[in-house]
Each structure stands twice: as structure tokens, then as C-alpha cells.
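Subject: Structure for you to look through

Hello,

Here is the structure I said I would pass on. Please open it next to this message and follow along; my notes come after it.

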Amino acid sequence: MSTPFYVSPEQLMKDRADFARKGIARGRSVVAVQYADGVLFATENPSQALHKVSEIYDRIAFAAVGRYNEFENLRIAGVRLADMRGYAYDRRDVTGRGLANAYAQTLGTIFSSGGEKPYEVEIFVAEIGESSDEDQIYRLTYDGQVADEHGYAVMGGASDVVGGYLQERFTSGMTLEAALRLAVSALGHSESEDRTIAGSALEVAVLDRTRVQPRKFIRLSPARLETLLAAPAAPDSDEPPVAPPA
Amino acid sequence: MIPDDPRLPAAFLQPGTASFADFIAAQAPDLLPGRRTLPRGNAGDLAPHGTTIVAMTFPGGVLLAGDRRATMGNLIASRDIEKVFPTDEYSAAGIAGTAGLAVEMIRLFQTELEHYEKIEGTTLSFDGKANRLAGIIRANLGMAMQGLAVVPLFVGYDLRAARGRIFSFDVTGGRYEETGFHAVGSGSLFARGSLKKLYRPDLGVDDAVTVAVQALYDAADDDSATGGPDVGRRIFPIVHVVTAEGGHRVDAEVVAATADRVIAGRMGRPDGPVAPLDLPGASEGGLA
């Protein structure tokens, strides 16, 4: 009778984490940037049909990197959970925090259960409030950890390089144009070169609190992106941001 | 699934249906309006009933309007109930029948349309929406037979056909497309008679609002369950317009001003505008 090899729990978890991290690092980054009127998501995605950023509910959006089939399942679960809660109670009772918790429990349980392959995904759950102080961006990793991000957040591919770029240049209270331009140049930034990503290769969506409809999520079409990116750059830091913090 | 597993239930993560109603039918059937078993007997007198809804198409869109009364037997249960709801950006529904169930069905239908849109990334076709609503009504047949019927009027702008459309329903889920105009509810006979004389296919939006208010006035004139314009409390019909740009509720002040004009006209002639006796000439075309 053969004796099974002993593998320490630390090693086991590390192997699973490395496996998940490798899968996530293969994809392109997704950035979320807070601006005066909401939260903007951007990623390089040549497909117009397979989305990485989607609507969950009135004020809640979802973005993901990693394996498409896995995060698509999570997205659908989120839509079902949110719609069911909103139908059983009220639209205002659907919160980003509740959703982030459900995702965290799911990802965490799958990660630490021995029998299943960990999900190779990382996700953002963002919710906008009445003002930018109340906006929330949660970042969830493959093992179910939740981080509450402020201002901007990056996940996937070269997240440290893109994150470093954003850290240097992010200011609160930006306009939509400024936030978009920052997000797109951050996505094109790498240690060796700075690329300009064409509007047609971008997937950009915003949660915009100025929308009249209760559903605040809107995708920016390639045509709208070209217009926004072509708009003359706002004067640099001489002038105060559009909505100065109170 | 282990019962004390903290993760989302497996059914949530299962790819498959894009229908919210189908999903909760499997996961939380008690949330569906049509799934309850009632004791024998007629429950119709226990709950408030909504009354008259009118709809008409005009070039470039469609209009839906409802009075504000709910009745319970001989009593007025509500003077300011809202019976016209946007169901998504390009459609709206008005309800006649048991108010509580109807509001719940509309909520289910709204969620159904939004759920499909979010999961599939595209909206249902206009006929698809009408068929889903027919399914929701059909599921309520048992309760309809015990006096708790709900009969909606569904309108919207069909982006593919580029015109406004109207669908009426019966309690068995029958779905009928109406041309030009239609009315449902207790006062609908009188409203339809009024619409027959006042409606023409080339109405502008403002005139369509006037025709709707006139028709509801005529319904209230002869049907005790339909509420007329309440001048004392300034409660007037709710009017919803859907065009290619989406739907919006007509400003309450616009409706109030229209209602004031209609009432002023009725002071002179209580039966409302006179329709010409001559048949319209062949060149003008008949009414739909």
C-alpha cells in the first residue's frame, strides 16, 4: 500500500493561489476610475459582444478579468441575486456591499474547498451614491478577499504598472473626459512604451449619477469615445477640479 | 449542495434561462403572483379594482392613459391610484382589474424585461415582450376565475417596425394587437365609443392627450367606477407617451391644463365635442 505524499496546507494554498494568479495575469487589465459624476470602467477589449464590464442593478456595476466562462457565471448570479432582492423587497434594498459579500463567500468557499479548481477571476463591484464620497468600489480576488478601493482600482494583466501610472496622475473630482483620457493612457502604459489604444478596441462603461433614469449604467459607444477622447484637453492643474471636495 | 454552504446557491451560477419569472418559479415560487392556491369562493369583492385605461397610436409613437379611481364594491377605495406604468424604456402597461395583483404582475413584468436585457445584453422584441406578459396573465387564470382578474393594456414603440403598437389581453393569456386605439376596464365601452368619434390616425401628441382626457371623461360620465377629473383635489389622469426617443410621463401640469380645457368645454356642451355627420372623404382615408 502506497503512502500518499504529505503536502503542507501552506504549500497547497500557495499552489492554488499561483494557479489562479497565473490565469488572471494572462488577460488585459481593467481599470475603474472615480470621477465627479460617477465611476468609469475601461479595458482593452476588441470584442463588441463579450463584455468584461456589465450592469448588475440601478447603481451597481460589475467588471471582471480572467476566465470568461467563470466570471460570466458570477455576473449572471449577481443579476439574479439583485433582481430577486429588488423584486422581493424594493429597488433601494439592493446594495453593492451585499453583492460583494455574496461573491466573496462564493469565491472563498471554492478556493478553499479541496475538490474544485479555484476560479481564475478577479472582479470589481462598484456602486455609486448620491455624491462621490458615497461611491464604493470593491475589488474581489480569486480567494474571496475583499478590498475597498478609493479613487481608482486596477486588476488583471499588468495591474502594478497600470496602478503605478494611475497613482501618480489620479486626482479626485475629474470630468468624464479627463477620467476617460487618464484611464485609456493608463491602459496603454507599460514599462517599455506608451501605446495609444484606438476607440474601437476599448470597452468603456460608466455609472453616471446624472442620468435621469433609475438605471445609471451606460456603455460608451466607439463613436462617443472618439468624440470624448478628441475633445480638447482640459487645462492642467491651474484650475480647480469641476467638483471641488466640500 | 451542502445546506450550510455559504456560497451562492448552485442554481444562481447555472447558465440557462434568461427569464426572471422562470428563475424564481424554480428558486422562490412563493414570490410569483400566480402560484397561490385560494380557498373556494369569490374573492372579487375583497380587493380594490382599477378601472379604465385608454391607448392610441399617433404618428411616431403611442399614448397610454388611465383614470385615478380604484373601487371596492360601491365604495371608492382610492382617488389617486396610479394604473399606468412604464415597463421599460420603450413600453408601458396600464392595468384594469384587481389592483393588488395587477401591480405585482407589472412589477414582475418590469423585472422580467430588465433581467432579460441585462443577461442577454439585448432587449426582447416587442412581440416577445407582449408574449411574456400574456404568459404572466395566463398564470393567473385560477385566480381570475375566483374574481381576481387582471387585464392589462400594453403599448410601446416597436423599434424594428418603427411605429407605436397596442396589445390587449384576456384573462386566459389571449393576446390581440389593436389598431389605432383601444380601451380596457369597466368604463372601456364608453371610452371606446368616445375614441371612435374623436380619434384620427394623424393626431399630434398634444391632441392625442386631449382625446385621451375626453375619452376618460366620457367613461367617467357613464361608469361609476371610473374617476373623472377631480377639480377640487387637482387629481387628473396619468398619461404616458412612448416614441422612438423612449417613454416619458406627460407632465402633470400639461394634463391638468388639458383637463381644465376639456371641463370648460363640457360646461357649454356636457356631452363633449360634436363629431361631423358627414363621412370623411375617400381622399382622407377611413379611420383605423
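**A leucine in helix 5 of chain A**

L176(A) belongs to helix 5 of chain A, which covers residues 176–187. The model is a predicted one, so please keep that in mind for everything below.

Is L176(A) buried or exposed? Its relative accessible area is 15%, and buried means under 20%, so L176(A) counts as buried. Setting aside neighbours within four places in sequence, L176(A) is in contact with Y35(A), L40(A), V206(A), R224(A) and L228(A). For a sense of distance, take A88(A), which is 88 residues away from L176(A) along the chain. The C-alpha atoms of these two residues are separated by 35 Å.

**Chain A as a whole**

Chain A has six helices and 10 strands. Its C-alpha atoms fill a box of roughly 75 × 50 × 35 Å along the principal axes. A compact globule of 246 residues would have a radius of gyration near 18 Å, and the 19 Å of chain A agrees with that. Of those 246 residues, 51% count as buried. Among the contacts in chain A with a separation of 6 or more, 67% are between residues 24 or more positions apart.

**Two helices that cross in chain A**

Helix 2 (residues 68–88) and helix 3 (residues 96–112) of chain A have axes that come within 11 Å and cross at roughly 140°. The crossing of helix 2 and helix 3 of chain A is right-handed.

On the helix 2 side of chain A, the residues that meet helix 3 are L74(A), R75(A), G78(A) and L81(A). On the helix 3 side, they are L99(A), A102(A), Y103(A), T106(A) and L107(A). The residues of this contact between helix 2 and helix 3 of chain A divide into six nonpolar, two polar and one charged.

**Chain B as a whole**

Chain B has eight helices and 13 strands. The box filled by its C-alpha atoms is roughly 75 × 45 × 30 Å along the principal axes. For 288 residues, a compact globule would have a radius of gyration near 19 Å; chain B has 20 Å, which agrees. Buried residues make up 51% of the 288 residues in chain B. Of the contacts in chain B between residues at least 6 apart in sequence, 65% join residues at least 24 apart.

**A buried phenylalanine in chain B**

F58(B) lies in strand 2 of chain B, residues 53–58. With a relative accessible area of 6%, F58(B) is buried. Which residues does F58(B) touch, not counting those up to four places away in sequence? They are L63(B), P201(B), L203(B), V205(B), A208(B), V241(B) and T243(B). By contrast, the C-alpha atom of E82(B), 24 residues from F58(B) along the chain, is separated from that of F58(B) by 23 Å.

**Two helices that cross in chain B**

The axes of helix 6 (residues 188–198) and helix 7 of chain B come within 8 Å and cross at roughly 140°. The crossing of helix 6 and helix 7 of chain B is right-handed. Helix 6 of chain B contributes F190(B), A191(B), S194(B), L195(B) and L198(B) to the contact. Helix 7 of chain B contributes V211(B), Q214(B), A215(B), D218(B), A219(B) and D222(B). The residues of this contact between helix 6 and helix 7 of chain B divide into seven nonpolar, two polar and two charged.

**Two residues with a positive phi**

Most residues other than glycine have a negative phi. A162(B) is not a glycine, yet it has a positive phi of about 55°. A162(B) sits in the loop between strand 8 (150–158) and strand 9 (163–169) of chain B. Its relative accessible area of 48% makes A162(B) partly exposed.

R234(B) is not a glycine either, and its phi is positive at about 55°. R234(B) is found in the loop between helix 7 (205–222) and strand 12 (238–243) of chain B. At 43% relative accessibility, R234(B) counts as partly exposed.

Regards

Terms used:
Residues numbered from 1 in each chain as written. Chains lettered and ligands numbered in written order. Predicted model: local features only at pLDDT ≥ 70, side-chain atom pairs only at ≥ 80, totals over all residues. Heavy atoms only, no water. Axes fitted to C-alpha atoms, helices over the stretch in contact; angles between N-to-C directions. Helix = DSSP H or I, 4+ residues; strand = E, 2+ residues; numbered from the N terminus. Left-handed = near helix turned anticlockwise from the far one by under 90°. Contact = heavy atoms within 4.5 Å. Nonpolar A, V, L, I, M, F, W, Y, C, P; charged D, E, K, R; others polar. Buried < 20%, exposed > 50% of the residue type's maximum accessible area, 1.4 Å probe, protein only. Rg over C-alpha atoms; globule rule 2.2 N^0.38 Å.
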